[in-house]
Amino acid sequence: MPTSNSHGSADNGVHGRGSHNTSDGSNENTALLPSFLRGEIAHEGESGRHGFHPRHFFGVTYRSSNLVSQYVNFLWPFVPLAIIFRYVLPSHPLLIFGMAYVGMIPSANLLGFAGQEFAKKMPKVAGTLIETTFGSLVEIILFIVLIVKHREPVEGEDGGNADEGNLIPIIQAAILGSILTNLLLCLGLCFFVGGLRKTTQKFHAAISETGNGLLLVAAFGLLIPSAFYSALKGETTLGKNPLGFITVQNKFTPETLQRDILKISQVTSVVLIIAFGCYLLFNARSQHSVFHEVIEMDEHGDLDREEDEARMRYTGTETTVALVLSLVLVTLLLIYLVEQIEAVVHSGVPDQFLGLILLPLVEKAAEHLTAIDEAYDGVINVALFHCLGPSIQTALFNAPLVVIVGWILNKPMDLNFEIFMIVLVVLGILVVGNFLRDGESNWLEGALLVIVYVIIAIASWYYPNPDVATSNGIEGLAASAGPKNVTIDRALLKDLLRMANLDA
């Protein structure tokens with residue numbers, strides 16, 4: 001078994017520098033990208049082996065990165081069960097959904113662990129960014145599967161629900177739910193668990209302030225289409241009097257507003273992705289030395305550092321196998337989940353609860369386990385990076401990406417979120433920013449964040465589905481601009497009908 005003193009890499013033959021050493025002649029302004037391109041590998045990512053060894057591969061996979069992740073591996077039997085039930089018991093959608101939902105946890109955990117192993121072979125900051133990206137792959141796959149499976153609702157289709165197959169509200173809820181889950185639940189549990197082991201944990205302002213500022217900008221970008229829609233939906237008209245004998249000359253119809261919102265969302269998505277590129281460049285170059293130093297200090301203060309260094313590692317080949325295997329399983333299980341969503345909604349689970357709470361919980365399981373374990377070990381800055389980083393990526397990249405994919409597929413995916421949900425996200429960012437302001441955390445702050453998340457989960461359970469009521473959708477727009485139920489005198493109704501007949 002390799003020790004922390006090894007300098008060679010059997011994976012690729014690179015010798016010399018471990019990325020955490022700062023006394024090798026590199027100055028604090030050394031750029032990350034050139035280091036990344038040179039392929040310098042952190043010594044703690046070395047396995048001391050090369051090639052693929054099944055026994056070691058399954059041993060490393062079982063032990064995973066921490067004790068909790070190791071226990072998660074006991075859920076692996078649900079993966080083959082989900083696949084079997086999908087073909088043997090297709091008439092039991094809830095059972096298939098449940099098996100696939102639970103099976104997603106170990107599959108996502110393997111993807112996250114393989115991402116960690118790959119990241120450890122990279123320079124510190126690059127490794128953290130890569131690890132966060134691999135953790136977000138589950139979310140990207142989920143969004144793409146949902147938008148591909150989306151069907152435009154057709155009124156009166158075989159007497160069914162007009163919203164049958166409409167998955168856009170669930171995608172929108174999942175986008176915001178992912179941000180809320182990271183900011184409130186995951187960060188809250190990190191503060192709480194870390195506070196149980198250490199009374200107060202201090203984190204660096206370079207991570208907290210940069211992360212919170214980017215989240216506010218991202219929330220502003222996501223809010224604009226919803227605010228635009230809310231401001232103008234009362235100014236639209238269907239263009240025709242309900243009785244049919246008075247024509248309203250107004251070209252600003254609900255359809256016009258909906259097209260404008262779609263175009264605004266598409267252009268905003270392109271801008272947000274550019275902002276994400278700036279964020280990556282900022283981390284990769286101008287702030288490399290700052291983040292590198294912060295993460296390095298945290299890792300030296302890791303309470304379980306010796307135990308972590310003694311763990312067996314994947315080789316480069318084994319890392320590739322684990323990534324490919326986990327990606328295949330995650331994609332397969334997500335397809336099974338999405339196929340059963342309509343049955344789950346029909347069983348009584350609200351759309352908003354499904355998108356805002358259930359889907360983000362399972363897609364973020366691996367990241368949450370990693371971040372909570374890091375907080376418990378006292379590595380609070382790295383844990384904070386794992387909470388804020390995925391939220392930033394969801395808002396600046398994953399959400400805009402699904403809009404652009406919908407644009408390519410000619411599907412009307414936009415950023416016109418329910419006002420209820422966008423308000424929750426903005427308030428959540430403000431609450432988290434207030435807790436991060438003093439640079440310290442304790443278990444009470446963590447408990448309060450989790451309580452806020454529980455309250456949101458309760459409210460989302462009672463929030464009506466889009467086909468029943470909506471605060472920011474086409475149904476609400478049609479209701480405000482179209483016919484309304486009114487009570488009028490019988491004689492007046494006869495006079496109006498007689499006038500309509502005379503006009504005809």
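How much accessible surface does the protein have, and what share of it belongs to carbon and sulfur atoms?

1. Overall surface. The accessible surface comes to about 22,700 Å². Carbon and sulfur atoms hold 65% of that area. Areas come from the Shrake-Rupley method with a 1.4 Å probe, and for residues only the protein chains shown count as cover.

2. Basis. This is a predicted model, in which local features need pLDDT of at least 70, side-chain atom pairs count only at pLDDT 80 or more, and totals for chains, interfaces and linings use all residues. Residues are numbered from 1 along each chain as its sequence is written, and side-chain values use heavy atoms, with hydrogens and water left out.

3. Make-up. The protein has 20 helices and 2 strands. These are DSSP runs, numbered from the N terminus (helices: H or I, at least four residues; strands: E, at least two). Of the 504 residues, 51% count as buried. Buried means under 20% relative accessible area, exposed over 50%, and partly exposed in between (1.4 Å probe, protein chains only). Take contacts between residues at least 6 apart in sequence: 84% of them join residues at least 24 apart. Contact means heavy atoms within 4.5 Å.

4. H5 against H12. The axes of H5 and H12 (residues 316-339) come within 8 Å and cross at roughly 155 degrees. Axes are lines fitted to C-alpha atoms, for helices over the stretch in contact, and angles run from 0 to 180 degrees between N-to-C directions. H5 and H12 are therefore roughly antiparallel. The cut-offs are under 35 degrees for roughly parallel, over 145 for roughly antiparallel, 65 to 115 for roughly perpendicular, and oblique for the rest. The H5-H12 crossing is left-handed. Left-handed means that the near helix is turned anticlockwise from the far one by less than a right angle; right-handed means clockwise. By class, this contact has 19 nonpolar, 5 polar and 1 charged residues. Ala, Val, Leu, Ile, Met, Phe, Trp, Tyr, Cys and Pro count as nonpolar, Asp, Glu, Lys and Arg as charged, and the others, Gly among them, as polar.

5. Asn109. Asn109 sits in H5 (residues 93-119). Why does Asn109 count as buried? Because its relative accessibility is 3%. Setting aside residues up to four places away in sequence, Asn109 touches Ser64, Ser69, Val72, Asn73, Ala366 and Leu369.

6. Glu117. This residue also belongs to H5. Glu117 is buried, at 2% relative accessible area. Beyond neighbours within four places in sequence, Glu117 contacts Arg313, Tyr314 and Thr319.

7. Ile105. Ile105 is in H5. At 23% relative accessibility, Ile105 counts as partly exposed. Its contacts outside four places in sequence are Val72, Leu75, Val362 and Ala365. Ile105 and Leu75 are 30 residues apart in sequence, yet 7.6 Å apart in space, C-alpha to C-alpha.

8. H7 against H15. The axes of H7 (residues 168-197) and H15 (residues 365-376) come within 8 Å and cross at roughly 30 degrees. That makes H7 roughly parallel to H15. The crossing is right-handed. From H7, the residues involved include Thr181, Cys186, Leu189 and Arg197; from H15, they include Glu367, His368, Ile372 and Tyr376. By class, the contact has 8 nonpolar, 4 polar and 2 charged residues.

9. A backbone point. Asn410 has phi near 60 degrees, a positive value in a residue other than glycine. Asn410 lies in the loop between H16 (380-408) and H17 (419-436). Is Asn410 buried or exposed? Asn410 is exposed, with a relative accessible area of 72%.
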